Amino acid sequence: MYDKITPPTTGAKITFKNGEPIVPENPIIPFIRGDGTGIDIWPATQKVLDAAIAKAYKGQRQVSWFKVYAGDEACDLYGTYQYLPQDTLTAIQEYGVAIKGPLTTPVGGGIRSLNVALRQIFDLYACVRPCRYYAGTPSPHKNPEKLDVIVYRENTEDIYLGIEWRQGSEIGDRLIKLLNEELIPATPEHGKKQIPLDAGIGIKPISKGGSQRLVRRAMKHAMLLPKQKQQVTLVHKGNIMKYTEGAFRDWGYELVTSEFRQECVTERESWILSNKEKNPSISSEDNARQIDPGYDALTPEKKAQIVKEVETVLNSIWPSHGNGQWKDKIMVNDRIADSIFQQIQTRPDEYSILATMNLNGDYLSDAAAAIVGGLGMGPGANIGDACAIFEATHGTAPKHAGLDRINPGSVILSGVMMLEYMGWQEAADLIKKGLSEAIANSQVTYDLARLLEPPVEPLKCSEFAEAIIQHFG
């Protein structure tokens, strides 16, 4: 089955049922060390993970690690340009859950991005990035501790599935001509728009199935959170791009109000229910007027739509959601993308899970990570229905490789996500406790140490791992 690697002789496979992992007590987990600083941060990470598992489960559980190769290290073993050998793909497919350090983006032909390739090969449609603050971490914000969000970013569509034609290319020019002369005029809502003849052209596909499976996974995650954090926000630019980003929002609401009807309430539904609770005799028209401030200026047709919405909500969910019952449900709302960038800074404690398409999620996750201390403290996971890969969110930083100085926090916290995904919460909690206390005691690597006031003597990468373990208690 394998060419140049051999699986562990002990351990069992993680399997999947209905998109969820079934984890044995001794799972075999492939790991990719990573390029550049992976040589430092993976050993530190493995040491912390093994120590937490040993302490939490007293030998009843353990991981059998299976080293596989990707990036520059794979080329050293498999040959030039063999950045992602079949051995590695076979191992990840067979064992289901893997973890990796940062990987070099190949220069020249072949794979454009190893990270993107892995997501596409295994249909890892949900990129999950938690952003929370650990006390003592330097931050450019006054109150970074208020931010505790999880970004669910769609991983397979939007710009990742985007198709482009270069400006001046024959096919690009033909497409512009077709759009300008036939398709746009045939669509009255586009008016007299015309695409400049010297433009490049791009298409961003957003599908109903792709959108809804992401929102479904975000909802399942929300159900596991403390009650005060059970909220899912659909992030989009649907006020401008109505049939892609707006459709993402609409399909999200359709999914949650069908599959999770008893577990959730939408923000707009909560307004309708609340109005009825405050004034049991309120008319449908007055209720509509309160949920839509511009109601009186609307056309009769639009007014009738909103009144019907009010009546439908009250007739369908008042018994299960009325009289304050909705307050114990998962709140689902939506926000325009540019607005949410501001709000995670000015009102961060109002948000929990942000479900969004690919490009918006890319921006949002990095912006949120900056608030709580940067990508060095940002974990990530790419999750599908039959596979999950946990990863560092930063680059390889080759100039720091082998110096035992880089911050291993991103991969360690990705390991925490992996443990939580496996249901090994006790070990995950130990690591979060150890990491939090190490940082609070200014036991940090150089990237954080240089930003502290007053500055402190930095720990080595390996020493930081030891400090985390010492704070398990």
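A residue counts as buried when its relative accessible area is under 20%. By that cut-off, 4 of the 5 residues of strand S4 (residues 64–68) are buried, so S4 is largely enclosed by the rest of the structure. This is a predicted model.

**Around strand S4**

Strand S3 (residues 28–32) runs parallel to S4, and the two pair over 5 bridges. Ile28 faces Ser64 of S4 across the pairing.

**Aromatic contacts**

The structure holds 9 aromatic pairs. Two of them are tabulated here.

| Pair | Centre to centre | Angle between planes | Geometry |
|---|---|---|---|
| Phe31 and Trp42 | 4.8 Å | 15° | stacked |
| Tyr69 and Tyr78 | 6.4 Å | 65° | edge-to-face |

Phe31 belongs to strand S3 and Trp42 to helix H1, 11 residues apart; the pair links distant parts of the chain. Tyr69 has 17% relative accessibility, so Tyr69 counts as buried. Tyr78 is buried too, at 16% relative accessible area. Elsewhere, Tyr2, Phe66 and Tyr95 form one aromatic cluster.

**Charges over rings**

Arg132 places its charged end over the ring of Tyr134, 4.4 Å from the ring centre. Arg405 lies over the face of Tyr446, at 3.9 Å from the centre of that ring.

**Domains**

The domain assignment gives domain 1 as 1–127 + 375–473 and domain 2 as 164–202. Their C-alpha centres lie 45 Å apart.

How values were computed. Residues numbered from 1 in each chain as written. Predicted model: local features only at pLDDT ≥ 70, side-chain atom pairs only at ≥ 80, totals over all residues. Heavy atoms only, no water. Buried < 20%, exposed > 50% of the residue type's maximum accessible area, 1.4 Å probe, protein only. Pairing = 2+ DSSP bridges. Domains from an automatic or database assignment. Phe/Tyr/Trp six-rings, centres within 6.5 Å; stacked < 30°, edge-to-face > 60°. Lys NZ or Arg CZ within 6 Å of the ring centre and 35° of its normal.
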